[in-house]
Amino acid sequence: MKRTGLAALAIPTSVLMATLWLAIACSSSPGTSTGPAQHSGAPGQSPSPVIDVTGAPSTTTVGTPVPMESKDPNAPPVATLSGGGAAVQGMTGSYCWTVAGTSACADLPAFTDSGPDLPVVTLSSADTQLQFSLADGYAFASWTASYVDDNGNVVALGGGGSSFDPDAVHSSAAPVTSASFGPPTAHDQSIVQVFVRFTDGGDASYGWNVAVP
Amino acid sequence: MRRVVAALAGSLLILALSSAQASASAPTPAGGQVWNQNQRVTYRWHEGDEPPSWMRAAINAAASDSNESRSAKAALLSHASSAASWIGYTGAMPTTWAIGYTVRNAPTSFTMRLRPQGYPLDWGNLRWCQAYETPPAGCYDAEMIALHEFGHVQTLDHPNDADVTDWTDTVMHWAPKTKPKAGWNQHTFGRCDVARLQIRYTPLSSSTRISTCLDLNTDLSLSSSMASGGAVVLTARLKIVDGTIWPNLASAPLSSRTINLQRRAIGSATWQSFGQLTSLDENGRYTKTFSPTDSYDYRVIFNSPANEGLEGDTSLVVRVSVSNGSDCGYGQTKMYIC
């Protein structure tokens, strides 16, 4: 059941974020990344077009229709998550994105059960690896995946890539184009969120509901 | 005639104190073109989308928060009736569920949008704490959110929370907290926000404390010279090392720090405290003048401060030899006191 009102907005958000860094910091980052990129995001490059998942073949992964939450011409590329089947486009959360020297940052509440309905990825088994990627193989520098458990704790699922510091001497990030990580523990639905930093600066967060049998 | 010889004994001692700071968090990420150092950037209220008075007060307070806590030559923000940049109180944002949205075109202008009180989001109706006499749990502190947006104006991005040790290290979290969770009403940049501002814009002055989110090596040198009346002047210079990975901070002078002076008798291995040097100027120079009565080796020590992201350093040794007319040897520069 979806909660309403501002308390619903506040409490899950707070619980989620209060534990995010703890859980991730303790993680062994078991996930993996794929790289180098086939093509990376060059400064000023326009976001890639949205992946159309409506025509996906019938598989064990089901994509729930998602409203296009962002009409921002300065928005980062959309992301998809798959669990052995069709890729499901996620909801884009907060981001910073630069196009042709203009930087736009959008700030959203955290992904919570009380928030917008997140697209659903249904796994066929509890050991199915999740695959994350950006539209058209857009590259990113680093990533962190996590989920919210029954107690509201944020639990790390994986992370990888390398940091990018535009102000440092000899700064460079080896780009990756996909990330792979294990699923949450078995649950009807768990919020899975992926935060990425891009090779040329900027960041984005993405969310899904993942159902694990 | 009494003779004093001061010499730099370059290879006698090279000690490096290494009381490293605990600095697990990384400087807040940033990107894009910066503003000019200390550039005054004014904003107006967007015509037709003027915030209510309580929101204006919160935004202006956040601008002051940015100015006062930047600890760097980042942009100075303030309201003006006429300005190229604007802030609007509007639901017209190009992304559906954002509560704040900032676009910057440094060093020219920026725009900022904040959603109105009561705006229906899928999480519930947006509530700003400042809209209430007694802010309810679950409200967003408008001053903190505006400071976050001003952080974007200053070119800060969102950090990966996995890189953040303490929530209050930054106000730039990608999912800000609501009342009453820790950090919900933080009204200063976090130490890792300050670190990035110092990296991008340089510290406000050579006396400005370096963020503990950094861990910079320092270079402390010592020289000597003669003064009138048989006195010796020891002059130290403290700076960030030349080779730090952030060019804006390389070789930056460090003033108003504590520089301890030590001395030892010639041939002794035991150093004893001999007071402190006084900060001389904004170029990171420190000095002490005294009249030696015997020969000693001298060195200065900068201990890693608990409240700064600086490593300590120890200078090379300077020998001050006092004699009564005989040549002190060594072939060093000789200074005479008559």
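Visitor: Which cysteine does Cys192(B) form a disulfide with, and how far apart are the sulfur atoms?

Guide: Cys192(B) is bonded to Cys213(B), with the sulfur atoms 2.1 Å apart. Keep in mind that this is a predicted model.

Visitor: What's the handedness of the link between Cys192(B) and Cys213(B)?

Guide: Right-handed, with 95 degrees about the S-S bond.

Visitor: And which parts of chain B does the pair tie together?

Guide: Cys192(B) sits in helix H3, residues 191–201. Cys213(B) is in the loop between H3 and strand E9 (218–227). So the pair ties together parts that are 21 residues apart in sequence.

Visitor: How many disulfides does a search of the whole structure find?

Guide: Three, over all chains.

Visitor: OK, what does Cys129(B) pair with?

Guide: Cys139(B), at 2.0 Å from S to S. The angle about that S-S bond is 100 degrees, and the link is right-handed. Both cysteines lie in the loop between strand E8 (124–125) and H2 of chain B, so the pair ties together parts that are ten residues apart in sequence.

Visitor: Why does Cys129(B) count as buried? And Cys139(B), why does that count as buried?

Guide: Cys129(B) has 3% relative accessibility. For Cys139(B) the value is 0%. Buried means under 20% relative accessible area, so both qualify.

Visitor: What pattern do the disulfides of chain B follow?

Guide: 1-2, 3-4, counting bonded cysteines along the chain.

Visitor: Over to chain A. Which cysteines form a disulfide there?

Guide: Cys96(A) and Cys105(A), with their sulfur atoms 2.1 Å apart. That link is right-handed, with 115 degrees about the S-S bond. Cys96(A) and Cys105(A) are both buried.

Visitor: How many helices and strands in chain A?

Guide: One helix and twelve strands.

Visitor: What percentage of chain A residues count as buried?

Guide: 56% of its 213 residues.

Visitor: And the contacts in chain A: what share comes from residues 24 or more positions apart?

Guide: 73%, taken over contacts with a separation of 6 or more.

Visitor: Back to chain B. At what angle do helices H1 and H2 pack?

Guide: About 50 degrees, with the axes 8 Å apart. H1(B) covers residues 53–69, and H2(B) covers 142–153. The two are therefore oblique to each other.

Visitor: Is the crossing of H1(B) and H2(B) left-handed or right-handed?

Guide: H1(B) passes H2(B) in a right-handed crossing.

Visitor: Which residues meet there?

Guide: From H1(B), they are Met55(B), Ala58(B), Ile59(B), Ala61(B), Ala62(B), Ala63(B), Asp65(B) and Ser66(B). From H2(B), they are Ala142(B), Glu143(B), Ala146(B), Leu147(B) and Phe150(B).

Visitor: How does the contact of H1(B) with H2(B) split by class?

Guide: Ten nonpolar residues, one polar and two charged.

How values were computed: Residues are numbered from 1 along each chain as its sequence is written. Chains are lettered from A and ligands numbered from 1 in the order in which they are written. This is a predicted model: local features need pLDDT of at least 70, side-chain atom pairs count only at pLDDT 80 or more; totals for chains, interfaces and linings use all residues. Side-chain values use heavy atoms; hydrogens and water are left out. Axes are lines fitted to C-alpha atoms, for helices over the stretch in contact, and angles run from 0 to 180 degrees between N-to-C directions. Helices (H or I, at least four residues) and strands (E, at least two) are DSSP runs, numbered from the N terminus. Angles under 35 degrees count as roughly parallel, over 145 as roughly antiparallel, 65 to 115 as roughly perpendicular and the rest as oblique. A crossing is left-handed if the near helix is turned anticlockwise from the far one by less than a right angle, and right-handed if clockwise. Contact means heavy atoms within 4.5 Å. Ala, Val, Leu, Ile, Met, Phe, Trp, Tyr, Cys and Pro count as nonpolar, Asp, Glu, Lys and Arg as charged, and the others, Gly among them, as polar. A disulfide is a pair of cysteine sulfur atoms within 2.5 Å. Buried means under 20% relative accessible area, exposed over 50%, partly exposed in between (1.4 Å probe, protein chains only).
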